[in-house]
Every structure is written in structure tokens, then in C-alpha cells.
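Student: Hi! Could you walk me through this one? I'd like to go contact by contact.

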Amino acid sequence: MSGADPIILERMRPTWVDIDVDVWRSNLRATRDRLPAGTDLVPVLKADGYGHGAVELARAAHAEGVRLIAVALLEEALEIRFAVPALDVLVFGPLDSQDTALAIEANLVLGITGPERLAIAIESMRRSGKSPRIHLKLDSGMNRMGVTPDELPQVIELLKSNDRLSLVGLYTHYATADDPEHPAFEMQRQRFAQMRSVLADAGITPPVVHSANSAATWRGAFEPGDLVRAGLLLLGAEVTVTPGSRLQPVLRWRTAIARLKTIAAGESVGYDHTWRAERESRIATLPVGYADGFSRQLSNRGAVLIGGRRAPVVGRVSMDLVTVDVTDLPSAALGDEVVLLGRQGDDEISAEEIARLTGTIPYEVFCAISSRVPRIWREGNQRRLGSRFSGYFTTDTSD
Ligand SMILES: *Cc1c(COP(=O)(O)O)cnc(C)c1O
């Protein structure tokens, strides 16, 4: 290829995800409108905004007046830092000492997940001469990340002996916020309050406190004046075990019929011949597979929408292809739009439905949609395409 011009792909595969940025923005506004005065929303955009495009959503958040967003990894934080410099970014971490130095250099807000990370931050601060903004995570009972009650004396000592350290926030994370009946939620609230009062007795009272995720935010389970952190809620998926706890879905995943054939009764379809036609059947083949995030668990279980009606998945989901039975949809034709996730006509395949069928949660359904699937972000009359094959460019189109 040396010396040759690169080939710019002006086409896109017929399998893509549409992300309605206007809907995300309206979910964000609806969420903020429900919050009491003094409480603000921190959109959580880790894992590329749960597959919805972190940079695009960060830009939209900034346009809505959001000041702080949160991600998990240093690279996620840096991506947003450089794309939307005016937005503050909290990185949950944990970060090692090299990453901590980079995070301080980039003026990120550091999530500190334990005493050893606090010691690293202090060391980095000494070396760089800078005072990073720090949010300290307290473990109120999830027993995963965060400072435990036993570690508080050690943390207090570290904080007291480093007065240039800028501890601006305390936070915790709930294990059971999506289940209003679960007793662990109240237990965690109490432990968080106890740990904060131990810190307060030592004179440590940072101005910012946050604990609520999407489910707790939806239920109003936070103190006025706290920040709330929400990811899934803004995407329009169910956030509690109670049906009806969702805003407008943001994402729609579609493909198109790539092959149509009629097979005789008794013929079988796909790897391992797991589905056999009881009658003469019309089979549509779709150019999407488990490599795109269409779970193999949907083999002989899932359904797709064609012309607003359901067509069942028949046979095994392959890496690049899925077969569906369209015998009862006689008008289905080559090239017809097929919806894998989202609304078409009067029906909808929700992330919850796919999650139920595949034994997981909507979070994983979204995160599974792989980078092989192009994203189109729609905002006003703008359409922006993101594809790992064609780079990233902006087009104005009427559609
Ligand atoms: C992912 C995450 C969130 C957001 O959770 P949602 O249920 O999507 O709102 C909040 N806080 C922390 C620490 C997280 O890791």
C-alpha cells in the first residue's frame, strides 16, 4: 500500500445503530427537572456511553449546561477531555501511579478507591506540584471498591498531613438500588452517613456528596444538595424492577434483509441444524451476528421486527449472519428494513426483552453492540457517522 492513496469508504454496511441525541438531551432535561434545587446530575458515560457514543453525548451534555460527567477509565476520561475541554471529567478508576500522574496533568477529577490510591495521589501531587481535585469513594457495603470503615483512620491521617490536597467530594455506590424492597439499600445509606460523620468529626467535610445511580435517582433516594450519577436512565431503559421506570429509548439498531429463500418442509437451518421447517418456509438472512453483539443466546428464541411485525429467529445465530422465519410475513422483501432493537411501527424490541431472553441486563445488551457496527448520531437536522472503518466525518443531510 505504500505510496497508494487510502480508500475512503463512502458506503456503509446496512447494519447500523441510530442514536437520537435529541431524545438523550430531552431525557437529561426531564431528569434534571425532577431534581430538587441544589442537586445536579452527573451523566455517567463509561464504556463509550454504554455503546451510545461518549464523545457525542458529552458534547450534548455540555450544550445542556452539565458541568461534570463520569467515566471508568483514564483513556475514556482523556477522550472526553480533549473533545470537550470545558467539561469536567471524574474518572472512577482505580488508577496506578503512572495513570494518576497523567490524570493530574490533564486536570481530571480523581476518584480515589482506597488508602493505597490516596497515597499514590499524594505522591503524584508532591512530584507535580499540582493539587488535583479528589472525590473519595467510601465502601458502604458493596464490598468492591472504596474505603472501608476500618480504613478510615488511616485515610484521615493521610488527608490531615497533606493540606494542599483538594478533597472536594465523598461518594458511595449502591448494590441494590433497582429493588425498592431490598433491605441492603437502607443499610448502605446508614453506613455511608456513619462514615461521613466519622470524617466530619475529624474536620473533613468536602462540599460535594453523591451516592445515587439511575435507580436511586428515579426513586428520589438521595439527599437534597447531593449530586446524582446516572447512565442507564438517560438512555431510556428500565432502571428499577418496577415496570414503567423508563424515559424515552435513545437507540435503535437496524439491518436489512440480505437474502430470501423458500425451503421445503423437513429442511433445517444454520449451524448444527437446530431448527427444522415443519412446513414450507420462507427464510430471511440478515447481515448481523454475534460478532456485532447480537447474542448467540437468541438462537431459536429472539425475534426481529419487519414491517412492524415480529419474525422469529430460527436456527443458530452465526458470527456474521442471523436467519429469521418470514413465512407469515408474505410482503417481506429483499432490502427491507429489519429492527433488532427499538421501535418499528406499533411494536418494539426493548433492551429489557433481549436481556430477559439472554439472561442478562440492559446494560450488557447495549455494551455488547460491537465497534463493527457503525453509529449514526441524529441531532436536529444533522447526521454524524462514526465507523471504525471510515473514520469520523460530519455530513449535513436532509434525512
Ligand atoms: C456505572 C456507574 C454509575 C451509573 O449507573 P447507572 O445505573 O447506569 O445509572 C454510577 N456510579 C458508578 C460508580 C458507576 O460505576
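Student: Let's start with Tyr174 and Phe185: buried or exposed?
Tutor: Happy to! Tyr174 is buried, and Phe185 is buried too. Keep in mind that this is a predicted model.

Student: How far apart are the centres of the rings of Tyr174 and Phe185, and at what angle are their planes?
Tutor: The ring centres lie 4.3 Å apart and the planes stand at 50 degrees, so this pair counts as tilted.

Student: And where do Tyr174 and Phe185 lie?
Tutor: Tyr174 is in the loop between β7 and α8, while Phe185 belongs to helix α8. The two are 11 residues apart in sequence, so the pair ties those parts together.

Student: Which residue lies over the face of Phe185?
Tutor: That's Arg219, at 4.7 Å from the ring centre. There is also Arg196, which lies over the face of Phe192 at 4.7 Å from the ring centre.

Student: How many aromatic pairs does the structure hold?
Tutor: Four aromatic pairs. One of them is Trp253 with Phe294, which is edge-to-face, with 6.3 Å centre to centre and 65 degrees between the planes.

Student: What parts does the pair of Trp253 and Phe294 tie together?
Tutor: Trp253 sits in strand β10 (residues 251–256), and Phe294 in the loop between β14 (281–286) and β15 (303–306). They are 41 residues apart in sequence, so the pair connects those two parts.

Student: Are those two buried or exposed, Trp253 and Phe294?
Tutor: Trp253 is buried, with a relative accessible area of 2%. Phe294 is buried as well, at 2% relative accessibility.

Student: Changing topic: what is the strand order in the open sheet of eight strands?
Tutor: The order is β2-β9-β8-β7-β6-β5-β4-β3, and the pairing is parallel.

Student: Which strands stand at the edges?
Tutor: β2 (40–43) and β3 (68–71) do. Each has a single partner strand, so one side of each has no neighbour in the sheet.

Student: By how many degrees are neighbouring strands of this sheet turned against each other on average?
Tutor: By 30 degrees on average, direction ignored.

Student: How many bridges join β7 to β8?
Tutor: Three bridges join β7 (residues 166–171) to β8 (residues 208–212), and the two strands run parallel. If you want a spot to look at, Gly169 stands opposite Val208 in β8.

Student: Now the charges. What does the count of salt bridges come to?
Tutor: It comes to 26 salt bridges. Among them is the one between the side chains of Arg378 and Asp18, at 2.8 Å from N to O.

Student: How many residues apart are Arg378 and Asp18?
Tutor: 360 residues apart, so to speak a link between distant parts of the chain: Arg378 is in strand β20 (residues 375–379) and Asp18 in strand β1 (residues 16–20). As for accessibility, Arg378 is partly exposed at 22%, whereas Asp18 is buried, with a relative accessible area of 10%.

Student: What about Arg29 and Glu64, where do they lie?
Tutor: Their side chains meet in a salt bridge, 2.5 Å from N to O. Arg29 lies in helix α1 (residues 21–34) and Glu64 in the loop between α3 (54–63) and β3, so the pair ties together parts 35 residues apart in sequence. Arg29 is partly exposed, with a relative accessible area of 40%, but Glu64 is buried at 14% relative accessibility.

Student: And Arg189 with Glu223? What do their side chains meet in?
Tutor: A salt bridge, with 3.0 Å from N to O. Arg189 is in helix α8 (residues 183–201) and Glu223 in the loop between α9 (214–219) and β9 (227–230), so parts 34 residues apart in sequence are tied together. Arg189 is partly exposed, with a relative accessible area of 23%, and Glu223 is partly exposed at 39%.

Student: Which residues do salt bridges that share partners join into one network?
Tutor: Arg25, Arg29, Glu56, Arg59, Glu64, Glu379 and Arg384.

Student: Last one: how many of the 10 residues of α3 are buried?
Tutor: Seven of the 10 are, so α3 is largely enclosed by the rest of the structure. Those buried residues are Ala54, Val55, Glu56, Leu57, Ala58, Ala60 and Ala61. Just after α3, Gly65 takes a positive phi of about 90 degrees.

Terms used:
Residues are numbered from 1 along each chain as its sequence is written. This is a predicted model: local features need pLDDT of at least 70, side-chain atom pairs count only at pLDDT 80 or more; totals for chains, interfaces and linings use all residues. Side-chain values use heavy atoms; hydrogens and water are left out. Two strands pair if DSSP finds at least two bridges between them. Helices (H or I, at least four residues) and strands (E, at least two) are DSSP runs, numbered from the N terminus. Axes are lines fitted to C-alpha atoms, for helices over the stretch in contact, and angles run from 0 to 180 degrees between N-to-C directions. A salt bridge is a side-chain nitrogen of Lys or Arg within 4 Å of a carboxyl oxygen of Asp or Glu. Buried means under 20% relative accessible area, exposed over 50%, partly exposed in between (1.4 Å probe, protein chains only). Rings of Phe, Tyr and Trp (its six-membered ring) pair if their centres lie within 6.5 Å; planes under 30 degrees apart count as stacked, over 60 as edge-to-face and the rest as tilted. A charge sits over a ring if NZ of Lys or CZ of Arg is within 6 Å of the ring centre and within 35 degrees of the ring normal.
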